[in-house]
Amino acid sequence: MIEDFLTDPKEELKRADHSIYVTLKYTRTTDIIKNTIKRLIAAFALATHRTLITLQKYKKIAEVPPTPRKQSEEIIKALPKLKEYLRLYDKLVKIDQAPYTKKEEYRKNVALIAQITPEIKEEVNIEALRQFFHKTVEYVDITQMIRNEMIMAAMKKQARTRKKK
């Protein structure tokens, strides 16, 4: 599990992509849907953690919170434009933790139906999973861009201070 956490979020996305567009196409099981959701959650967590480490390095936040939920809250405080994506992350975690039933397994319209609360059911079919995947890819790309911008800004600031000396 530790080795999995140290991987790149892009690697998790590659695995999720393969699960959606290859594995799920041929097997059509809810286990593949569940596994893909776990991969998307891991990609979100890795991208969030890396962004928080960068924010801490450049003194934008005091410390990186230890739990994923606190990390989400901290990144929303620091970067409010990511709130929509972190709602999806929260939704994926709820779907992953909820008890679920299978619908039309081994058929074209396979779906995982998660019982989030006694009143709320969430159906995850192949199309919904693809949408979750694309939003996760956007989030990983945005966080990478934010980290790159912070690094570039720090390098420019450092270059300016060198010229003044």
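**View A. Lys-59 in the loop between α3 and α4.** Lys-59 is exposed, with a relative accessible area of 73%, where exposed stands for over 50%, buried for under 20% and partly exposed for the range in between (1.4 Å probe, protein chains only). The residue is found in the loop between α3 and α4 (68-78), and although Lys-59 is not a glycine, its phi is positive, at about 60 degrees. Helices (H or I, at least four residues) and strands (E, at least two) are DSSP runs numbered from the N terminus. The model is predicted, so that local features need pLDDT of at least 70 and side-chain atom pairs count only at pLDDT 80 or more, while totals for chains, interfaces and linings use all residues. Residues are numbered from 1 along each chain as its sequence is written, and side-chain values use heavy atoms, with hydrogens and water left out.

**View B. Glu-104 in the loop between β1 and β2.** Glu-104 lies in the loop that runs between β1 (100-103) and β2 (111-115), and its phi is near 50 degrees, a positive value in a residue other than glycine. At 37% relative accessibility, Glu-104 counts as partly exposed.

**View C. Helices α2 and α3.** The axes of helix α2 (residues 9-27) and helix α3 (residues 30-57) come within 8 Å and cross at roughly 165 degrees, which makes α2 roughly antiparallel to α3. Axes are lines fitted to C-alpha atoms, for helices over the stretch in contact, with angles from 0 to 180 degrees between N-to-C directions; angles over 145 degrees count as roughly antiparallel, under 35 as roughly parallel, 65 to 115 as roughly perpendicular and the rest as oblique. Residues of α2 including Leu-13, Ala-16, Ile-20 and Leu-24 meet residues of α3, among them Ile-33, Leu-40, Ala-43 and Leu-46, a contact being heavy atoms within 4.5 Å.

View D. Asp-96 has its place in helix α5 (residues 83-97) and, at 18% relative accessibility, counts as buried. Its side chain is joined to that of Lys-38 by a polar contact of 3.1 Å, a term for a pair of N or O atoms within 3.5 Å of which, within protein, one must be able to donate a hydrogen and the other to accept it, residues adjacent in sequence counting only if both atoms are side-chain atoms. Leaving aside neighbours within four places in sequence, Asp-96 is in contact with Lys-34, Ile-37, Lys-38 and Ile-41.
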